[in-house]
Amino acid sequence: HPVASSLTAPGGQSSHSRAPSRGAAVTPQRETVVTHIRRSVVLGTLRPGEKLREVRLAAELGVSRPTLREALNLLVQDGLLVQEPYRGFSVTSLDARALRDIARTRVPLDLIAIREILDDTGGRRVQMVRDVWDRFRHLTFDPDPLIQHEAHVSFHHGLWVASETTMLLRLWPVTEAMTTIVLAQDQATH
């Protein structure tokens, strides 16, 4: 199906490797920055609302400021970071209302995906879900919390991919970032 083949397959490339779809070539240094920041948010070492110190971060990761900024801008596009004029970049922070809105929105979208999967009488979509479940099941107890997180998010992405619903697939990057922020904020609270 053209929709499923035009997107990153669940369990294939990691979720942060969407950079090529934005028209920019992936560079190892930029990918390192994206992975580092995503890991830091998932692990709670970068907390919601925390400001990123560009000079320190570039030195810590051994990358140039332009490379760092490219990576930070990709994470802004994904919703994981926000950029404020003259204030720089910080981790997205959500208030209680935003958290409720995300939950109220995501559940019906997941149900749309499930309905579409179950409407496939040939069973191909259900098999896609079984495949994504098998990948999730093997990674859910990995000792690396980032791998656990990405496996969980990849499972939900796999449901949306299996639904072959164009609009859900277009909404996925924002949904993924908001899910990551919700989980990070929950971890920071506890």
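Where do Trp133 and Phe136 lie, and how many residues apart? Both sit in helix 6 (residues 124-139), three residues apart, which is about one turn of the helix. The model is a predicted one: local features need pLDDT of at least 70, side-chain atom pairs count only at pLDDT 80 or more, and totals for chains, interfaces and linings use all residues. Numbering starts from 1 along each chain as its sequence is written, and side-chain values use heavy atoms, with hydrogens and water left out. Helices (H or I, at least four residues) and strands (E, at least two) are DSSP runs, numbered from the N terminus.

Back to the rings. A pair of aromatic rings is described by the distance of the centres and the angle of the planes. Rings of Phe, Tyr and Trp (its six-membered ring) pair if their centres lie within 6.5 Å, with planes under 30 degrees apart taken as stacked, over 60 as edge-to-face and the rest as tilted. The count by this rule is four aromatic pairs. For Trp133 and Phe136, the ring centres are 5.3 Å apart and the planes stand at 45°, so this pair is tilted.

Next come the helix contacts. Axes here are lines fitted to C-alpha atoms, for helices over the stretch in contact, and angles run from 0 to 180 degrees between N-to-C directions. Angles under 35 degrees count as roughly parallel, over 145 as roughly antiparallel, 65 to 115 as roughly perpendicular and the rest as oblique. A crossing is left-handed if the near helix is turned anticlockwise from the far one by less than a right angle, and right-handed if clockwise.

Helix 2 (residues 28-43) has its axis within 9 Å of that of helix 4 (residues 65-78), and the two cross at roughly 50°. Helix 2 and helix 4 are therefore oblique, and the crossing is right-handed.

The contact takes in Val33, His36 and Ile37 of helix 2, along with Leu57, Glu60 and Leu61 of helix 3. Helix 2 passes helix 3 in a right-handed crossing.

Further along, helix 5 (residues 96-119) and helix 7 (residues 145-163) pack at about 50°, their axes 8 Å apart. Helix 5 and helix 7 are therefore oblique to each other, and the crossing is left-handed. On the helix 5 side the contact residues include Arg106, Leu109 and Ala113, while helix 7 brings in His156, Leu159 and Trp160, among others.

As for strands, two of them pair if DSSP finds at least two bridges between them. Strand 1 (residues 81-84) and strand 2 (residues 88-91) run antiparallel and are joined by four bridges. Leu81 faces Val91 in strand 2, and Val82 stands opposite Ser90. The two strands form a hairpin with three residues between them, and Tyr86 in the turn has a positive phi of about 65°.

Technical notes. Contact means heavy atoms within 4.5 Å.
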